[in-house]
Amino acid sequence: NPVHDRVNILVEENYDYSIINLAGMEVQSGKIIKGNNSIELNKSIQKGIYMIRLNNDNGQLNQQIIKE
């Protein structure tokens with residue numbers, strides 16, 4: 001599903017997150033906690049396809065997002 005200004009994520013653990021562009025560069029990062037989270041995207045993030053990467057001691061999750 002395309003996103004505009006926010007990415008909503010429901011997780012069962014705490015994570016560090018990174019948003020990565022198609023060139024492999026990190027364009028935003030932060031932390032999310034167990035439960036429902038809303039990540040406000042930086043104004044500098046242009047329309048396009050990105051990967052959101054969630055990392056913690058138990059592993060890594062990756063999900064593609066499309067910014068419109």
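The side chains of Asp 16 and Lys 31 meet in a salt bridge, at 2.7 Å from N to O. Here a salt bridge is a side-chain nitrogen of Lys or Arg within 4 Å of a carboxyl oxygen of Asp or Glu. Asp 16 lies in strand S3 (residues 15–21) and Lys 31 in strand S4 (residues 26–32), so the pair ties together parts 15 residues apart in sequence. Strands (E, at least two residues) are DSSP runs, numbered from the N terminus.

Asp 16 is partly exposed, at 36% relative accessibility. Lys 31 is exposed, at 65%. Exposed means over 50% relative accessible area, buried under 20%, and partly exposed in between (1.4 Å probe, protein chains only).

## About the model

This is a predicted model: local features need pLDDT of at least 70, side-chain atom pairs count only at pLDDT 80 or more, and totals for chains, interfaces and linings use all residues. Residues are numbered from 1 along each chain as its sequence is written, and side-chain values use heavy atoms, leaving out hydrogens and water.

The structure holds 2 salt bridges. Arg 6 and Glu 40 also pair through their side chains, at 3.6 Å from N to O. Arg 6 is in strand S2 (residues 6–11) and Glu 40 in strand S5 (residues 35–40), so this pair links parts 34 residues apart in sequence. Arg 6 is partly exposed, with a relative accessible area of 43%. Glu 40 is partly exposed, at 43%.

## Ile 66 in its strand

Ile 66 lies in strand S7 (residues 59–67). Ile 66 is partly exposed, with a relative accessible area of 35%.

Conventions: Helices (H or I, at least four residues) and strands (E, at least two) are DSSP runs, numbered from the N terminus.
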